[in-house]
Amino acid sequence: MSIRKIAQMGEPVLRRRAEEVPPAEIGSARVQSLIDDMIETMRDADGAGIAAPQVYESVRICVIEVDANPRYPDFDAIPLVTLVNPIVTPVQGETGVVEMYEGCLSVTGIRGRVRRPRRVSVTALDREGKPVAFEWAGVPAAVVQHETDHLDGVLFVDRADTRSLAFLREYGRYVPFEERIADGG
Ligand code: NI
């Protein structure tokens, strides 16, 4: 396993639509070591998730993991999940939104407020190539939408209220703690 370099905003690989992974290739050493490296890179960088284009691999894979954070006791940890060829769709008939300040390992030092559908269904293949399907709401739904956006060349700054954009120091100073996450649920 190794920690990979993380592409920064402006790198063309972050703006491309990533390619599907042929299911027969998921078990290959190349894909398995890419997934291992993505997990290690995400953890090293203290990210909530990372998508393959962020490590210069234009394929449809992302990993997500959120540890329990005593500062956000209302939000559960997300156990490690690997999604290959994920499809994320808002749940029909649900109109709620989750609005939170997002950051990105590829947009270093900037936070911005993004509104997203509050409840989504996710289908994908796992790292063994088995189909998985689940629904997420609130913060986990925002995280999985952020990561799958990367597979379509979309960055959170494209969806942010641009007037909310802030550098990390100013975010820490001026965005009140209770305004950082607004879960409409
Ligand atoms: Ni990101």
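Student: Which protein donors does the nickel ion have?

Tutor: Donors are N, O and S atoms within 2.8 Å of the metal (3.2 Å for Na, K and Ca); water is not among the atoms, so sites may look incomplete. Here the nickel ion has Cys104 (SG), His146 (NE2) and His150 (NE2), lying 2.1 to 2.3 Å from it. Along the chain, these donors follow the spacing C-x41-H-x3-H. Cys104 is in strand E4 and His146 in helix H2 (residues 139–151), 42 residues apart, so this pair links distant parts of the chain. Helices (H or I, at least four residues) and strands (E, at least two) are DSSP runs, numbered from the N terminus.

Student: What should I know about the model itself?

Tutor: This is a predicted model: local features need pLDDT of at least 70, side-chain atom pairs count only at pLDDT 80 or more, and totals for chains, interfaces and linings use all residues. Residues are numbered from 1 along each chain as its sequence is written, and side-chain values use heavy atoms, with hydrogens and water left out.

Student: Is Cys104 buried or exposed?

Tutor: Buried means under 20% relative accessible area, exposed over 50%, partly exposed in between (1.4 Å probe, protein chains only). Cys104 counts as buried, at 8% relative accessibility. His146 is buried too, with a relative accessible area of 8%.

Student: How many aromatic pairs are there?

Tutor: A pair of aromatic rings is described by the distance of the centres and the angle of the planes. Rings of Phe, Tyr and Trp (its six-membered ring) pair if their centres lie within 6.5 Å; planes under 30 degrees apart count as stacked, over 60 as edge-to-face and the rest as tilted. This structure holds 2 such pairs. Tyr101 and Tyr171 form a tilted one: 5.3 Å centre to centre, 50 degrees between the planes. Tyr101 lies in strand E4 (residues 97–104) and Tyr171 in helix H4 (residues 168–174), so the pair ties together parts 70 residues apart in sequence. Both tyrosines are buried. Phe134 and Trp136 form a tilted pair as well, 4.7 Å centre to centre with 50 degrees between the planes. Phe134 is partly exposed, at 23% relative accessible area, whereas Trp136 is buried, at 17%.

Student: Which charged ends sit over the ring of Tyr171?

Tutor: A charge sits over a ring if NZ of Lys or CZ of Arg is within 6 Å of the ring centre and within 35 degrees of the ring normal. For Tyr171, the charged end of Arg111 is 5.8 Å from the ring centre. That of Arg180 is 4.6 Å from the ring centre.
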